[in-house]
Amino acid sequence: MDFTANYDMFLTEEHQMLRRTVRDFAEKEVAPHIREWDRSGAAMEGPETRPHIRPVLKRMGELGLLGICLPTRLGGAGMDYLALAVVCEELERVDSFLRVVMSVHTGLNSLTLFQWGTEEQQQKYLIPQAKGEKIAAYCLTEPNSGTDAGAMLATARRDGDYYILNGEKTWISLADIADNFLVFAKTDPSKGNRGISCFIVERTMPGFSSHPIHGKLGVRAGNTGSVILEDVRVPVANRVGEEGEGFKIAMAALDNGRYTVAAGATGLIQASLEASIRYAKERHTFGVPIAEHQLVKRMISHMVRKLDTSRLLVYRAGWMKNQGRRNTRETTLAKWHATVSSFEAADDAIQIHGAYGYSDEYPIERYLRNARGAIIYEGTRELQELLQADFALGLRENRPLRRELPAYDPDEWA
């Protein structure tokens, strides 16, 4: 059964061609090696232990994936925001580290520059990122500041034509790999969230350093680390948006990041379902394939439900992005539902595989480990629940932003 069929109300033939291209890349160039890459990352974390990352990123750039939903005038592929979802689905269907690249490089960083950046910033930073010539990351979380972003301690002090940045960011995907970083720091600590500003920081700037995080539960094939800023001089021209506008920029970026996470989680559900169907047809107990046992059918049916509902929620959010409509509620709901569903689907897949699902002879245990992180990062499950309740109760609403994410324009973007 083709679990990607019957979405014609959202996807065009161009989207389907893109799906085939990404699936071919992921299955042929990543899938044969991913168990080895995951194993090698179990004990050590750092670019020197992951020689595969840069070649994979280079290939993704060559395929146009890193700028898939950006206009061609800005170095992108000129496709829409639904195309970004398709790419994330197919990448995470093979492994989460591939989708994480799209989340931080494209969703959190490049789309933020597309929405908030000046023409000069887009020419200098966005175009090379869209082409895959430079890799980008996003630095919001700190050792004592995760969901409560307003509690960050990083500072940015104005000094003539520069800002002097100091602080530490942690749980930064591609920390040891990326060239450019969106960094959030307080320009006025007395103002809380309204005192945060956003900056483009280059790895080569004096005072910048990074180091890896060891012993992660999942996404072991990818790089995660901390970023240290010690009197880093950043030109005023590298400030994104107005001074004090950083919190709004960070939250707008998370709308895009959560969208990619939800799409990737949908791909992970599909991977768990496909693996479970294959195994259920092959494995026999009590003289019949386990696919004939009712409780196995029940677990598979639940995966089907979770896959379709997750994909529909993601595509609705993507459609809204294409129309230029704010989608915080819809994206948050998609992220919450899809990530929790992906963890549950992987858990059921292990149960179907029995003892074999508990070892890395099959990919299921990796799916489970990878799925767990997505319930935490880019907004915890609990935060998403509160946001949905606040929207329903009328306690939260989308207020106009000074600069909205541009709607998709096929004529202008081509």
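Colleague: Is threonine 331 buried or exposed?
Modeller: Threonine 331 counts as buried because its relative accessibility is 1%; buried means under 20% relative accessible area, with a 1.4 Å probe and protein chains only. Keep in mind that this is a predicted model, where local features need pLDDT of at least 70, side-chain atom pairs count only at pLDDT 80 or more, and totals for chains, interfaces and linings use all residues. Residues are numbered from 1 along each chain as its sequence is written, and side-chain values use heavy atoms, with hydrogens and water left out.

Colleague: Which helix does threonine 331 lie in?
Modeller: Threonine 331 lies in α9, residues 328-353 (a helix is a DSSP run of H or I, at least four residues, numbered from the N terminus).

Colleague: And what is threonine 331 in contact with, leaving aside neighbours within four places in sequence?
Modeller: Those contacts are Asp255, Arg258, Tyr259, Ala317 and Lys321, where contact means heavy atoms within 4.5 Å.

Colleague: New topic: how many cavities of 30 Å³ or more does the structure hold?
Modeller: One. A cavity is a set of points on a 1 Å grid over the protein atoms alone where a 1.4 Å probe fits but cannot get out, and lining residues have an atom within 4 Å of a point.

Colleague: What volume does the largest cavity have?
Modeller: About 60 Å³, counted as the space filled by probe spheres set on the grid points, which are joined across faces, edges and corners.

Colleague: Which residues line the largest cavity?
Modeller: Among them are Ile53, Phe97, Val100, Val101 and Ser173. Helix α5 (residues 96-116) gives the largest share of that lining, three residues.

Terms used. Helix = DSSP H or I, 4+ residues; strand = E, 2+ residues; numbered from the N terminus. Buried < 20%, exposed > 50% of the residue type's maximum accessible area, 1.4 Å probe, protein only. 1 Å grid on protein atoms, 1.4 Å probe; cavity = no way out; pocket = protein on both sides within 12 Å on 5 of 7 lines; lining within 4 Å.
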